[in-house]
Amino acid sequence: MPYTDLFNETIDDLAATLATISGLRVVTDPQQINPPCVFLDAPSFEAWNYNIVKMNFPVRIFSLGPSNLDALRNILGICAQLLAKNVAITDGRPVSVMIGGQEFPAYDVSIPIQAQTA
């Protein structure tokens with residue numbers, strides 16, 4: 001069943017925009033996280049009315065380990081590519097994430113988007 005509501009279309013639109021970056025794998029399901037990739041997590045939102053909302057997407061950018069300078073430069077390069085796609089990253093912070101018993105370097109960034117229906 002396709003989800004065509006305001007919230008789900010915004011997630012799909014953001015994922016599609018990020019997926020146009022050459023070589024970047026974008027996932028929206030945590031079961032599909034397999035570094036290197038970008039994971040769009042569940043957004044928070046503020047609604048002004050029934051058809052205009054401000055959504056804030058927590059996005060995690062994963063690189064392959066170990067957490068060294070190469071991983072940092074890879075992640076920062078991806079952040080620069082996101083910005084070049086005219087995606088507003090308002091903040092970012094380095095993290096390490098355990099997946100399947102292995103630690104991966106990552107960055108948590110926030111992407112705010114205003115969504116509205118026609």
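**Exercise 1.** At 36% relative accessibility, does Arg93 count as buried, partly exposed or exposed, and which residue is its salt-bridge partner?

*Solution.* A quick word on the ground rules: this is a predicted model, where local features need pLDDT of at least 70, side-chain atom pairs count only at pLDDT 80 or more, and totals for chains, interfaces and linings use all residues. Residues are numbered from 1 along each chain as its sequence is written, and side-chain values use heavy atoms, with hydrogens and water left out.

Step 1: Buried is under 20% relative accessible area, exposed is over 50%, and partly exposed is in between (1.4 Å probe, protein chains only). Arg93, at 36%, therefore counts as partly exposed.

Step 2: find the partner. A salt bridge needs a side-chain nitrogen of Lys or Arg within 4 Å of a carboxyl oxygen of Asp or Glu. Arg93 forms one with Asp91, with the closest N and O atoms 2.0 Å apart. Asp91 is partly exposed too, at 30%.

**Exercise 2.** Work out which parts of the chain the salt bridge of Arg60 and Asp108 ties together.

*Solution.* Step 1: check the contact. The two side chains meet at 2.5 Å, N to O.

Step 1: Strands (E, at least two residues) and helices (H or I, at least four) are DSSP runs, numbered from the N terminus. Arg60 sits in strand E4 and Asp108 in strand E6 (residues 102-116), so the bridge links parts 48 residues apart in sequence.

Step 2: compare the surroundings. Arg60 is partly exposed at 25%, while Asp108 is buried at 16%.

**Exercise 3.** Find out which helix Leu72 belongs to and how exposed Leu72 is.

*Solution.* Step 1: locate Leu72, which is found in helix H2 (residues 69-84).

Step 1: Leu72 is partly exposed, with a relative accessible area of 34%.
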